[in-house]
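Visitor: Please take me through this entry. I would like the criterion behind each label that you use.

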Amino acid sequence: MADKSTIVLFSGELDKAIAAFIIANGAAAYDHEVTIFFTFWGLNTLRKDELVKTNKGLLEKAFGWMMPRGADRLGLSKMNFGGLGPKMIKHVMKKHNALTLPQLIELAREQGVRLVACTMTMDLLGLQEEELVDGLEYAGVAAYLGDASNGKVNLFI
Amino acid sequence: MADKSTIVLFSGELDKAIAAFIIANGAAAYDHEVTIFFTFWGLNTLRKDELVKTNKGLLEKAFGWMMPRGADRLGLSKMNFGGLGPKMIKHVMKKHNALTLPQLIELAREQGVRLVACTMTMDLLGLQEEELVDGLEYAGVAAYLGDASNGKVNLFI
Amino acid sequence: MADKSTIVLFSGELDKAIAAFIIANGAAAYDHEVTIFFTFWGLNTLRKDELVKTNKGLLEKAFGWMMPRGADRLGLSKMNFGGLGPKMIKHVMKKHNALTLPQLIELAREQGVRLVACTMTMDLLGLQEEELVDGLEYAGVAAYLGDASNGKVNLFI
């Protein structure tokens, strides 16, 4: 039976998401069955970049406006400088031919990494399935623990 | 023998504490023996909300004043907006009938989750036992490692 | 065979680095084979404190200027107050005879904890080997996963 690994991606920053996907892709290349659970701000990594029309309350709308729409708009956990930091990081990544976050996500999908959105925190932040990219699974903490209990490497990022 | 899981709660933010307790309660529901080790800012989750008279040095007093007193006063790791963010989150949690952080802590206790305060960082931050809620254990890193070495799921939050 | 433990130190803050090294030293004292992987901002923990002359591009130079040079110059993840927070913490640590971060690093080395710098993020942040302290290993995510797959306790800090 293949080794399992799980990552909870709680944080919504570019640098942490890059770290999560590099580890996930590395583990998948090692033939681990890898699952990333996206919860709280980590869900923003999975948002579509276009504005999706939804029918929701004012508070949920406010969260939607204030949170970044998708992997290409995340800030940095340090040295964000109002968005300059991410531009700098993306520039050096391009220079070093490193995969961008959207490319890392695509690679993860190709390698069969399961991307699971936490339904409870989707409710809290008012995020609806139509606002997230296609090809996700939807589950809660019980599903996470089922996987993590058999996981070799379980990280919270 | 029951599976064990451990969480180090280092962070002192509402969203991270909620994530920690949801995972802890989920694991306890799965019959894991769960321990949460509270260290550094995570200790603030365990502070009594009333002001406790203590005899301590000025620096320790200063830390005490500046750090939030208890689970109901924590800020958010993102979109805190000077305390508006936590109010928004609490509002949507109530709307969705999600358990509040104090209720999640209560549930954890009922399920036998062990809440352990890190004595070394209590010293550093000048927190005394009288300032923390009742029913805690007090231990250091050796106790944590004893548990984590046998843990199925070990997270640092 | 000895138990293994791994820590990814992603964060570049004094409090998180202290937590990482206390856990690492504790695990080493338990005869675990411990490896700390330094990636992203965590690499700053390993920088030499003197300015090292290097030949690099402007962006990499800019990162170099803006990031703290070494374990003694890291800020706090909370209550940093423009550098006052770390001074306060260092003061109380001294008062309690707690080991400083440089001392904790020294102890880790003496106990055989392996300190591994992530070469991929060194490239991204423009950090060169001459800028980091001596006695490190250099490796990538594959080496990390090889260790973590056999790890008892694997944390992401």
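Visitor: Which residue is the bridge partner of Val8(C) in E5(C)?

Guide: The partner is Phe156(C). This is a predicted model, in which local features need pLDDT of at least 70 and side-chain atom pairs count only at pLDDT 80 or more, while totals for chains, interfaces and linings use all residues. Residues are numbered from 1 along each chain as its sequence is written, and chains are lettered from A and ligands numbered from 1 in the order in which they are written.

Visitor: What makes strand E1 and E5(C) a pair?

Guide: A strand is a DSSP run of E with at least two residues, a helix is a run of H or I with at least four, and both are numbered from the N terminus. Two strands pair if DSSP finds at least two bridges between them. E1 (residues 4-9) of chain C and E5(C) share five bridges in the parallel sense, so they qualify as a pair.

Visitor: Why is E5(C) described as largely enclosed by the rest of the structure?

Guide: A residue is buried if 20 or more other C-beta atoms, placed from the backbone, lie within 10 Å of its own, exposed if 12 or fewer do, and partly exposed in between. Of the six residues of E5(C), five are buried, hence the description.

Visitor: Is Thr39(C) buried or exposed, and where does it lie?

Guide: Thr39(C) has 28 C-beta neighbours inside 10 Å and therefore counts as buried. This residue belongs to the loop between strand E2 (33-38) and H2 of chain C.

Visitor: With which residues is Thr39(C) in contact, apart from its neighbours within four places in sequence?

Guide: Contact means that two C-beta atoms, placed from the backbone, lie within 7 Å. By that test Thr39(C) touches Ala19(A), Val8(C), Phe10(C), Cys118(C) and Thr121(C).

Visitor: How many residues does each chain bring to the contact of chain C with chain A?

Guide: Chain C gives 17 residues and chain A gives 22. On the chain C side, H6(C) supplies the largest share, four residues. That side holds eleven nonpolar residues, five polar and one charged. Here Ala, Val, Leu, Ile, Met, Phe, Trp, Tyr, Cys and Pro count as nonpolar, Asp, Glu, Lys and Arg as charged, and the others, Gly among them, as polar.

Visitor: How do you know how chains C and A are related?

Guide: Copies are superposed by least squares on the C-alpha atoms of residues with pLDDT of at least 70 in both. A 120° rotation, with 0.0 Å of shift along its axis, places chain C on chain A at an RMSD of 0.0 Å. The two copies are thus related as by a three-fold rotation axis. They use different surfaces, as 6% of the contact residues of chain C recur in chain A.

Visitor: What rotation superposes chain A on chain B?

Guide: It is a rotation of 120°, with 0.0 Å of shift along the axis and an RMSD of 0.0 Å. Here too the copies use different surfaces, and 6% of the contact residues of chain A recur in chain B.

Visitor: In what order do the strands of the sheet in chain A run?

Guide: The order is E4-E3-E2-E1-E5 in an open sheet of five strands with parallel pairing. Strands E4 (137-139) and E5 (151-156) of chain A are its edges, since each pairs on one side only. The average twist from one strand to the next is 25°, with angles taken from 0 to 180 degrees between N-to-C directions, and axes being lines fitted to C-alpha atoms, for helices over the stretch in contact. Helix H1 (residues 14-29) of chain A packs on the sheet, touches E1 (4-9), E2 and E5 of chain A, and points at about 170° to E1(A).

Visitor: Why does Phe81(B) count as partly exposed?

Guide: Phe81(B) has 13 C-beta neighbours inside 10 Å, which puts it in the partly exposed class. Although not a glycine, Phe81(B) has a positive phi of about 45°. In chain C, Met79(C) also has a positive phi, near 50°, and with 19 neighbours inside 10 Å it counts as partly exposed.

Visitor: What confidence does the predictor give?

Guide: pLDDT is its confidence in each residue, from 0 to 100. Chain A averages 94, and 100% of its residues reach 70 or more. The model scores ipTM 0.94 and pTM 0.96.
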